[in-house]
Amino acid sequence: PERESLKAIRLIRIGEVKARVGLSTSTIHRWATAGRFPKPIKLGGHLIAWPEDVIDQWVKSKLASD
């Protein structure tokens with residue numbers, strides 16, 4: 001039962017995030033700092049990524065608000 005609740009989490013990097021949301025790197029980082037966009041997960045060093053489902057949900061929330 002415990003294993004059934006675990007789902008593979010796909011992490012996506014900035015290039016894919018930009019393609020999905022149509023924002024520049026600087027806007028994504030600025031909005032994340034301001035709380036207007038999901039914050040990335042630090043993978044180590046300068047590597048960061050976002051859970052794919054979090055980005056998908058953010059996009060859906062923006063579509064629903066129009």
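This is a predicted model: local features need pLDDT of at least 70, side-chain atom pairs count only at pLDDT 80 or more; totals for chains, interfaces and linings use all residues.
Figure 1. The chain has 66 residues, of which 24% are buried. Its accessible surface amounts to about 5100 Å², and carbon and sulfur atoms contribute 56% of that area.

**Figure 2. The packing of helix 1 against helix 2.** Two packed helices are described by the angle between their axes and the distance between the axes. Here helix 1, made of residues 14-21, and helix 2, made of residues 25-34, pack at an angle of about 90°, and their axes lie 10 Å apart. Because angles of 65 to 115 degrees count as roughly perpendicular, helix 1 is described as roughly perpendicular to helix 2. On the side of helix 1 the contact is made by I14, V17, K18 and V21, while helix 2 contributes T25, I28 and H29. By residue type, this contact between helix 1 and helix 2 consists of four nonpolar, two polar and one charged residue.

Figure 3. Strands of a sheet pair through backbone hydrogen bonds, either parallel or antiparallel. In this model three strands form an open sheet in the order 1-3-2, and their pairing is antiparallel. Strand 1 (11-12) and strand 2 (41-44) are the edge strands, each of which pairs on one side only. Strand 1 is joined to strand 3 in the antiparallel sense over two bridges, and in this part of the sheet I12 stands opposite W50 of strand 3.

Figure 4. Strand 2 and strand 3, the latter covering residues 47-51, pair in the antiparallel sense over three bridges. Within this pairing, the bridge partner of I41 in strand 3 is A49, and the bridge partner of G44 in strand 3 is L47. The two strands form a hairpin with two residues between them, and G45, which lies in the turn, has a positive phi of about 60°.

**Figure 5. Strand 3 and the helix that lies across the sheet.** How many of the residues of strand 3 are buried? Four of its five residues are buried, and strand 3 is therefore described as mostly covered, where buried stands for under 20% relative accessible area. Helix 3, which is formed by residues 52-64, lies across strand 1 and strand 3 and runs at about 60° to strand 3.

Figure 6. Leaving aside residues up to four places away in sequence, P51 touches I9, R10, L11 and I41. One of these residues, R10, is 41 residues from P51 in sequence, yet the two are 5.8 Å apart in space, C-alpha to C-alpha.

Key. Residues are numbered from 1 along each chain as its sequence is written. Side-chain values use heavy atoms; hydrogens and water are left out. Axes are lines fitted to C-alpha atoms, for helices over the stretch in contact, and angles run from 0 to 180 degrees between N-to-C directions. Angles under 35 degrees count as roughly parallel, over 145 as roughly antiparallel, 65 to 115 as roughly perpendicular and the rest as oblique. Contact means heavy atoms within 4.5 Å. Ala, Val, Leu, Ile, Met, Phe, Trp, Tyr, Cys and Pro count as nonpolar, Asp, Glu, Lys and Arg as charged, and the others, Gly among them, as polar. Buried means under 20% relative accessible area, exposed over 50%, partly exposed in between (1.4 Å probe, protein chains only). Accessible areas come from the Shrake-Rupley method with a 1.4 Å probe; for residues, only the protein chains shown count as cover. Two strands pair if DSSP finds at least two bridges between them.
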